Amino acid sequence: MNYTGDLYKEIILDHYKSKVHKHRIEDADFSNEGANPSCGDEIELFLKVKGDTITEASYEGMGCSISIASADMLCEALHGMKTEEARQLIGKFRGMLTKNEEPDFPDEISDLEAMQGVRQYPLRIKCALLSWTTLEQILDRVEEKG
């Protein structure tokens, strides 16, 4: 029995089923759509930003459990985060999935470590990264708006 693997699967399923962050922010400062045409996952990410701080994040969309769980984890992690910290988090998450880097997430967002099992399934990495790539595009626009 692989206790860690089972725990990670449970964490992913909990986030997949969660509806806490799955809603449209009607007065969002930024939003962006992302899609993974190879599997049909679609995500729209919404952010409220005050100064350089993300005050609220949510998503809408449909897709596999990995894609939706990843979006939920991302939105949970972003609350109260500075935009530069969000960029750094994207780099850590991407490094964990694509470069086998050891995850180094603060305790309050340690659920993100559950996604490291996805790297065993290369075709699923795009699913896990969809919302993160969508966030990266939003952060580019946040910086442009300055």
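This is a predicted model: local features need pLDDT of at least 70, side-chain atom pairs count only at pLDDT 80 or more; totals for chains, interfaces and linings use all residues.

Q: Is aspartate 41 buried or exposed, and what is the nearest side chain of opposite charge?

A: Aspartate 41 is buried, and it has no salt bridge. The nearest side chain of opposite charge belongs to arginine 124, 6.1 Å away. A salt bridge needs the nitrogen and the carboxyl oxygen within 4 Å.

Q: What does the side chain of aspartate 41 reach?

A: It reaches the backbone nitrogen of cysteine 64, at 3.0 Å. Not counting residues up to four places away in sequence, aspartate 41 also touches several others, among them Gly34, Asn36, Met62, Ser67 and Leu130.

Q: How many salt bridges does the count come to?

A: The count comes to eight. One of them pairs lysine 48 with aspartate 27, where the closest N and O atoms are 2.8 Å apart. This pair links distant parts of the chain: lysine 48 is in strand β2, while aspartate 27 sits in the loop between α1 and β1, 21 residues apart.

Q: Which residue forms a salt bridge with aspartate 52?

A: That partner is lysine 82, with the closest N and O atoms 3.5 Å apart. Aspartate 52 lies in the loop between β2 and β3 and lysine 82 in the loop between α2 and α3, so the pair ties together parts that are 30 residues apart in sequence.

Q: Where do arginine 87 and glutamate 143 lie?

A: Arginine 87 forms a salt bridge with glutamate 143, the closest N and O atoms being 2.9 Å apart. Arginine 87 is in helix α3 and glutamate 143 in helix α4, so this pair ties together parts 56 residues apart in sequence. Elsewhere, salt bridges that share partners join Arg24, Glu44 and Glu60 into one network.

Q: How do I describe two helices that pack together?

A: Two packed helices are described by the angle between their axes and the distance between the axes. Here, the axes of α2 and α4 come within 8 Å and cross at roughly 35 degrees. The crossing of α2 past α4 is right-handed.

Q: Which residues in α2 and α4 meet?

A: From α2, they include Ile66, Ser70, Ala71 and Leu74. From α4, they include Arg124, Cys127, Trp132 and Leu135.

Definitions and conventions: Residues are numbered from 1 along each chain as its sequence is written. Side-chain values use heavy atoms; hydrogens and water are left out. Buried means under 20% relative accessible area, exposed over 50%, partly exposed in between (1.4 Å probe, protein chains only). Lys and Arg count as positive and Asp and Glu as negative; His and the chain ends are not counted. A polar contact is a pair of N or O atoms within 3.5 Å; within protein, one must be able to donate a hydrogen and the other to accept it, and residues adjacent in sequence count only if both atoms are side-chain atoms. Contact means heavy atoms within 4.5 Å. Helices (H or I, at least four residues) and strands (E, at least two) are DSSP runs, numbered from the N terminus. Axes are lines fitted to C-alpha atoms, for helices over the stretch in contact, and angles run from 0 to 180 degrees between N-to-C directions. A crossing is left-handed if the near helix is turned anticlockwise from the far one by less than a right angle, and right-handed if clockwise.
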